[in-house]
Each structure stands twice: as C-alpha cells, then as structure tokens.
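Subject: A structure for you to look at

Hi,

Here is the structure I promised to pass on. Have a look at it first, and then read on for what turned up.

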Amino acid sequence: MSKTVGVLALQGAYQKHVESLEKLGVACRLIRKAGELENCAALILPGGESTTISLLLQENGLYQPIKFFAQNHPVMGVCAGMIMMASEVDDKRVTPLALLPFKAQRNFYGRQVHSFTDDIKLTFDSKPFNAPFIRAPGIKNPSAEIKVLATHKEETVMIGCGKHVALSFHPELTDDTRIHEYWLSRSNNF
Amino acid sequence: MTDNSSKKTNSNNDDFKVKVGLAEMLKGGAIMDVTNAEQAKIAEDAGACAVMALERIPSDIRRDGGVARMSDPDMIQQIKDTVSIPVMAKCRIGHFAEAQIIQALEVDFIDESEVLTPADDVNHIYKHDYKVPFVCGATNLGEALRRIGEGAAMIRTKGEAGSGNIIEAVRHMRALQSEMARLTTLGQEQLMAVAKDMGAPYDLVCYVAEHGELPVPNFSAGGIATPADAALVRQLGAQAVFVGSGIFKSDDPAARAVAIVKATTHFDDPAVLLEVSRGLQPGMKGLEMSEIPEEERLAGRGW
C-alpha cells in the first residue's frame, strides 16, 4: 500500500500505532501541525488523555483542519481518540470533533484498578480479539446509521459509520493487527 | 496480602500489560506535582496528562527536613474528586503498607519515591502484587531493571527532586541511554556477565540487548523547571516528563504549566520552543548541586 496514514502525535500512545502500521507495511507520519495532514490518506486519533488532547488540538490550530480532513478521509479513533470523534461528551473539559453521532462517556469502566484485558466479539471476524481496556470510555446513544463492530458482554466497544471507525479498547498495545487491517481495508471501499 | 507471603512468580501477563498500558497513554505528556485541589485544577486546565498528589512538593520537603511520609488520604481524595485525569500518589521506598492504602484509595499510579524518607534500606516493594501500576526512579540501567524485575510499569530518572537543576536528570538519562546502546553491541555470551555486574535480572538484560530500550515506558523527573528543560530531556530519550517544584514554585504557575505541556509535545521544534519560552515570569530559583550536601541528596536513596 502506497498511501500514508497520519497519526496524531500531540500526546498519548501514538508510537504504538506507528509500530502496528509498520507491521502492516503502511507508511505513516506523525501529525503535530495542520500542514502535516497534507498528502495523508487517513488519520488515527490515538489514546492518551482526552482533556490534554482536546486542549492541544485547539492550541495547535488542528481542530478545524481535522474536521475538514475527516469529510473526505477515513479516521480511526481509539479510547481518548474515540472520545474526540463523538458528537457529545459527558464532560465539559473536552470539546469533541463530532465526526460520528454518538455520546462518549469518559472513564466508563472506572479508574485504573478496574482496567482489564478480555476477549471481545467482532462482527467482521469469527475469531475473538483479546482487547486491553485502559480507563476506557463508553459508547452511548449511537444514532441509527452507526454499525456496531464489536461487543464486550452487553457493551458496544467498537463502531463504524462510512469511512470512520471508533473503539474504546487498545489494539495498538497487542500484536494482533486485525483492527488496523479492518479499518484500512474498509477505508479502501470509500 | 503482605509482601512476605509465599514467594510468587511474576503477576499474570495480562495484568502487567494493562499496567504498562496506562503508562503508554501518558507518553508525550507532562505529569505535575500538586498539593491541593486548586493546583490540580490549574494543572488539568493547562493540559497535564496526570497529576501527582502530595502534601509538600520536593523543594519544601528539602527545606523543612524531618520524615516525609505518604500524603493524607483525604487530601488525595479531594484531588481525585476535582480532576478527571489520572491521579498518582507517592509511598516511601519499601513501605508496602502505604502502597496498600494508596491502592485501596484507587489512585491510578503509585510512585515508590526517593523524595519521601525510605522505610526499608534493603528492599523495595514487590510491585507485581498490586493491581495499581508503579513508577520507580532510577539513576542507571541496572537500577531500572531491578525495579522492573520487581514489577514497576514505568521508570523515571531520579534527577535531583526539588533542586530546579536539570543536571542530575540529564546525567541519569544519559547513563541509561548509553548503557542500553552498549548492550545492543554485545554478543549473547557476554550478557550474563553484564547481568552479574549490573545486579540486574538476566532476562531483562537480554530484552534490552535485543530491543535497545526498556520493556516499559521511560520518563524523566527531577529538576525540570522550564520548557527548555522539558525539551532537553525529551530529546535525550524521555518519553514524558514529571514536573515537581518547577511549576508551583515559579511566579506564574498557570502560564508555565501550559508552556511546559507544549514544549513536551513539540520537543524537537525550536520555533515552537522559542514561542512558548517567551513572556514567562522568573522560574524557581533552584540550587547548585554543590549547595546540596551529599547526605541530603535524594537520588542516592534506593539502590
């Protein structure tokens, strides 16, 4: 694949996404300024602290450029990145990009002592995915056009709509690249 | 549960992965020492990725003397109730009862810290026993690997806390980086001798020789007082920074906190570093290392 995937690198686990993409032979570029989005074919919003990432998006003039970029390019948001993709967040400290119509609930699973790893069910692959959840957010009130892509017990943990995908767990912390592969193959169809 | 119960092997791999996972989420960020809810709010609003709750910042501990212990749980609770970012708290080296209390309080990270007065001059805490991840200080690679062997999910340089002087953090980061680089040049047959000399677990020595880095995130602490200090340690290989006395001992904590957050993100972009370095009030005064008597240096605590 010749296209370059941007990875937002303001704060958080961006380097782990670079490693996942490199395993798949996908070129990537760290994004800290709006101009760096140029020539990127897709964008990953990584996990980290959503209050920090939200503030730095504004301070670095990336908020509007990413919204504009997302109109025509696929975006994958993970954990804090998923919160940034929501249309609504249960916390005024975060100003989301509103790329997907759902509500994000911060720290839905509680503090770090309640973080865990467990198998989740994917709708696009019969084999389960062993997923780390780190102070993970919840996906609430998805609108009708949103497709559920993965569940853990009763909870929705991954959704997709059009080009975009959002998930509350961390595939980049595992050696399993199926989530990244799914998003990249899905984005080829748009 | 005590640290002295029957010998255990390392904690379950998934548990450790989840602990290191939170450390991964803090990368590229600034973790700030705060002593009350108001400071915690300032830190969060400035973009801190976590706060360290403690009663006295290191420069005041240094000034006041006496025994420095775990902070009052009520004070830590107030800070937890005020901010949504992860909250860390310190326990004394080897004081596993303090660690148990902090874990029961559901703090997100425990710092087994040389800034407090050590409780055990031989043993550090067996950290695999806990669900809450630990960060520990190190001055060189052997020390870092011993702490990881005990279960630390993050390593930070010790630096010299409360000094406002970056020289010790630089010394420790350079020692760590050059020792790791050296290991990658050695043959497999040399690694057991290295493990013996360093007093470090053999399997972790082999990991570093193969990968050229620690198996857990590697941050910097101790003496960071300016945006330029944050950028310096980041360029030397620190994946995030702890800022202790540097913010709330300066004349303009809120502005300095924002500047340090930005400098941590844009650590290799001098144009941004220049911009965020402008217009700040004077930083904390700081101490020359020669002003700190050998027996008062915090980095020498632990082994």
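A pocket, on a 1 Å grid over the protein atoms alone, is an open set of points with protein on both sides within 12 Å along at least five of seven lines, while a cavity is a set of points where a 1.4 Å probe fits but cannot get out. Lining residues have an atom within 4 Å of a point. Grid points are joined across faces, edges and corners, and a volume is the space filled by probe spheres set on the points.

Some background before the findings. This is a predicted model, where local features need pLDDT of at least 70 and side-chain atom pairs count only at pLDDT 80 or more, while totals for chains, interfaces and linings use all residues. Residues are numbered from 1 along each chain as its sequence is written, chains are lettered from A and ligands numbered from 1 in the order in which they are written, and side-chain values use heavy atoms, with hydrogens and water left out.

The largest pocket

The largest pocket holds about 1,200 Å³ of space. Its lining is made of 45 residues, and those nearest the centre are A:K16, B:V20, B:E24, B:Y207 and B:P215. Both chains contribute elements: α1 (14–23) of chain A, and α1 (13–25), α6 (141–150), α7 (167–183) and α9 (202–211) of chain B, each give at least two residues to this lining. Helices here are DSSP runs of H or I with at least four residues, strands are runs of E with at least two, and both are numbered from the N terminus. By class, the lining has 15 nonpolar, 18 polar and twelve charged residues. (Ala, Val, Leu, Ile, Met, Phe, Trp, Tyr, Cys and Pro count as nonpolar, Asp, Glu, Lys and Arg as charged, and the others, Gly among them, as polar.)

The cavities

How many cavities of 30 Å³ or more does the structure hold? There are three. The largest cavity has a volume of about 190 Å³. It is lined by 22 residues, with B:D33, B:A161, B:A221, B:G222 and B:G244 closest to its centre. In chain B, β4 (109–113), β8 (241–243) and α11 (245–248) each supply at least two of the lining residues. The lining of this largest cavity splits into eight nonpolar, eight polar and six charged residues.

The second largest cavity has about 120 Å³ of space. Of its 13 lining residues, A:G48, A:E49, A:C79, A:N107 and A:R135 are the closest to the centre. Two or more lining residues come from each of α4 (80–85) of chain A and α1 of chain B.

You will find A:R135 in the loop between β8 (129–133) and β9 (138–140) of chain A. Is A:R135 buried or exposed? It counts as buried, at 6% relative accessibility. (Buried means under 20% relative accessible area, exposed over 50%, and partly exposed in between, with a 1.4 Å probe and protein chains only.)

In helix α13 (residues 270–277) of chain B, the buried residues are B:V272, B:L273 and B:V276. Seen down the axis of α13(B), these fall within an arc of 100°, so they line one face of the helix. (The arc is that of the directions from the helix axis to the C-beta atoms.) The face turned away from the buried side carries the exposed residues B:P270, B:A271 and B:E275.

Helix α4 (residues 73–82) of chain B buries B:M75, B:I76, B:I79 and B:K80. Their arc is 140° down the axis of α4(B), so they too line one face of the helix. On the other side of α4(B), B:D74 and B:D81 are exposed.

Cysteines

Over all chains, the structure holds zero disulfides.

Enjoy exploring!

Key
A disulfide is a pair of cysteine sulfur atoms within 2.5 Å.
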